Amino acid sequence: MTISDSISGIAAPSDRRSRARQAHIWLALLLGVVSVVSLATGPTGTSLWGAIAKLLAGEPLTAMERVVLWDIRMPRLILGITVGAALAVSGAVMQGLFRNPLADPGLVGVSAGAGLGAILAIVLGALLPVWAQDVAGNALVPIAAFMGGWLSTIILYRVSTRRGRTSVATMLLAGIALGALAGAVAGILVYMADDRQLRDLTFWGLGSLAGATWSKVLVAGPLIGLAVIASLFLGRGLNALALGEATAAHLGIPVQRLKSASILIVAAATGAAVAVSGGIGFIGIVVPHLLRLATGPDHETLLLNAALLGATLLLGADIISRLIIAPAELPIGIVTAVLGAPVFLWILLRRRGLVDL
Amino acid sequence: MITASDIQVRIAQKTILQGVNFTAKPGQVTAIVGPNGSGKTTLLRALTDEVPWTGRVQINGQDTSAYKPWELAAVRGVLPQAATLAFPFTVIEVVRMGLMSGIHGHNDTIAQRALDMVGLNGYEKRFFHELSGGEQQRAHLARALCQVWEPVQNGSPRWLLLDEPVASLDIGHQLLIMNCLAVFAQRGGGVVAVMHDLNLTAMVADVVTIIADGHAIARGPVADVFNDQTLSAAYKCDLRTNTVPTHPKAFILPQVARLSCSAV
Ligand SMILES: Nc1ncnc2c1ncn2[C@@H]1O[C@H](COP(=O)(O)OP(=O)(O)OP(=O)(O)O)[C@@H](O)[C@H]1O
Ligand SMILES: [Mg+2]
């Protein structure tokens, strides 16, 4: 074997891996840039740069600047990052768990289940005694959304997976049924809602980052942060799972624990995201797919890249939603659907050859 | 040493294996043969905990249930009869999955050498799902080889449990793979392989267990077990064992003219 032979032989396997690792850095940089743009963008004349210049010069900010930058744009930025990361990571984890690139919380009824949980909390939470409302406070809606997402993921997995194999057709159909059921129950609840609740509820249909507050950040942020960090430890297991449950077990993966952990992570991330931002679609399916095309399906790098790219794309969509009909703003769910749906169709088109769909 | 005693497997009210005893020693290739549907795969699955079973299975003197999943993975590699793969992984990525059970350093070198051993040098970057059936099978075997790369670890043997490792291979690759397995055994590891090709089995295996109708009907060195009566009874057709003076191992010749008798 010549030297060049041995070099190409050894360089080959690490190709995609090193590309995927470099992507961590590039995507983090991109996220940083988009974050700054997001902070600088808004309908009011408040300028981020002006404020920074003032801070550097030691001058105090005006009350207006403080409110716009610190109380409106900053929580919105953080919420955008966490929700985007949550949607993309729960998509990637779910796809790994179901061993299928079409599994996505939005597509298979998990978001709908989480939404139902949130609606239940909003409408029925008002029936709780006042002291209980005080105790549960802001956490009630996200927790209920988490429970809803968790239940629907478990039901979905039970229905569509037999002996470690997932039937895609069953998964998608069960997802439609779950989504319809959640929608119907939500519809009943809407009739029970009063005006104030109704306003809260319409917001779920559209999906939006408007109305981001620090209290929402405090509720959703930790839950999503935990879920995303936990997901980074699943990479090896999800890779092995691609070979089937039995083989994963033979490779030393505690499969049952992996599956429960994946389901909890999906439920926590989706639940928290839905609770604070409603139903934002397509991030969970488009982001992991693009990354698999670019850097391969290795979950050890995919999950972190998905978190970064998901956050970046959602911030980008949020910026577009604020600019396109300024000074009014478009619900972000519309932007992600307009951009994401064609990509999704393109994914399906590329997979047409695979009969096992 | 792998010992399994009084293995019984029932799936959906149906008894698939009954009172099966099985042993495999390190340093040997142990073959499991028998007709279709006799329970060979099920026996391997009982040994590897893939189906619910009763009885007792020990690896290296310890009940399999006493191992943690990752400890078991460090002791034995398993090749299923049919393997699937979700997502477009490349060949080398699949083979490297075998390295997951805690072998650190030299990873790529081991994966590369395992690929060389199964004759897939140069296939590293190809997409796994674009390989032919036989190539995929060899790639999976390379993955299992990676997992137990050193046949002996800390003084105890490691194991390869393989379900029809050469089923879809051409004769050249059959010999290549069987040779890999024989070498693995010679270096102190243990190999358990479900086989269909009796001649290949006679040539490479040291010990053989014949399964028929869910029972182990014969067990022992190949020379003792492979005789006309036992084989013909197991496979329900007329088989003759022969030897040629220049070659010590037996070969098995089906008696074609009589095949139709049992088919009635
Ligand atoms: N999960 C299952 N449910 C029901 N029956 C099963 C199951 N698995 C195996 N069987 C039955 O058990 C019997 C033994 O199957 P097994 O797969 O062990 O056969 P085998 O000896 O490996 O055959 P082959 O040579 O075709 O691979 C067959 O009759 C099969 O139909
Ligand atoms: Mg079999």
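I started with B:Ala31 and found it opposite B:Ala193, which sits in strand 10 of chain B. That pair belongs to strand 3 (residues 29–33) and strand 10 (residues 190–194) of chain B, which run parallel and are joined by 4 bridges. For the record, strands are DSSP runs (E, at least two residues) and helices are too (H or I, at least four), numbered from the N terminus. Two strands pair if DSSP finds at least two bridges between them.

Before going on, I noted that this is a predicted model, where local features need pLDDT of at least 70, side-chain atom pairs count only at pLDDT 80 or more, and totals for chains, interfaces and linings use all residues. Residues are numbered from 1 along each chain as its sequence is written, while chains are lettered from A and ligands numbered from 1 in the order in which they are written.

**Mixed sheet, chain B**

I traced the sheet next and got 6 strands in the order 6-9-10-3-11-12, open, with mixed pairing. Strand 6 (76–79) and strand 12 (215–221) of chain B are at the edges with a single partner strand each, so one side of each has no neighbour in the sheet. The twist averages 15 degrees from one strand to the next; axes here are lines fitted to C-alpha atoms, for helices over the stretch in contact, and angles run from 0 to 180 degrees between N-to-C directions.

**Antiparallel sheet, chain B**

I found another open sheet in chain B, 4 strands in the order 2-1-4-5, with antiparallel pairing. Its edge strands are strand 2 (14–24) and strand 5 (62–63) of chain B, each pairing on one side only. Strand 1 (residues 2–11) and strand 2 of chain B run antiparallel with 7 bridges between them. I picked out B:Ile7, whose bridge partner in strand 2 of chain B is B:Val20.

In the loop between strand 1 and strand 2 of chain B I found B:Ala12. B:Ala12 is not a glycine, yet has a positive phi of about 50 degrees. B:Ala12 counts as exposed because it has 5 C-beta neighbours inside 10 Å. My cut-offs: buried is 20 or more other C-beta atoms within 10 Å of a residue's own, exposed is 12 or fewer, partly exposed is in between, and C-beta atoms are placed from the backbone.

I then checked B:Phe87, also with a positive phi, near 75 degrees, and not a glycine. B:Phe87 is in the loop between strand 6 and helix 3 of chain B, and with 22 C-beta neighbours inside 10 Å it counts as buried.

**Ligand 1**

I listed 13 residues around ligand 1, of which B:Asn36, B:Gly37, B:Lys40, B:Thr41 and B:Thr42 come nearest. A residue is near a molecule if its C-beta atom, placed from the backbone, lies within 6 Å of it. Strand 2 and helix 1 (40–47) of chain B give two or more residues each to the shell, and helix 1 of chain B gives the most, 3 residues. I sorted the shell by class and got 3 nonpolar, 8 polar and 2 charged. Nonpolar means Ala, Val, Leu, Ile, Met, Phe, Trp, Tyr, Cys and Pro; charged means Asp, Glu, Lys and Arg; the others, Gly among them, are polar.

**Where the chains meet**

I looked up the interface and found 28 residues of chain B in contact with 24 residues of chain A; contact means C-beta atoms, placed from the backbone, within 7 Å. On the chain B side, helix 2 (69–75), helix 3 (91–97) and helix 4 (107–117) each supply at least two residues. Helix 2 of chain B has the largest share, 5 residues. That side has 17 nonpolar, 5 polar and 6 charged residues.

I followed up B:Glu50, in the loop between helix 1 and strand 4 (54–59) of chain B. B:Glu50 is buried, with 20 other C-beta atoms within 10 Å. Not counting residues up to four places away in sequence, B:Glu50 touches A:Ala246 and B:Arg45.

**Chain A**

I noted 15 helices and 2 strands in chain A, and 50% of its 357 residues count as buried.

Methods:
Two residues are in contact if their C-beta atoms, placed from the backbone, lie within 7 Å.
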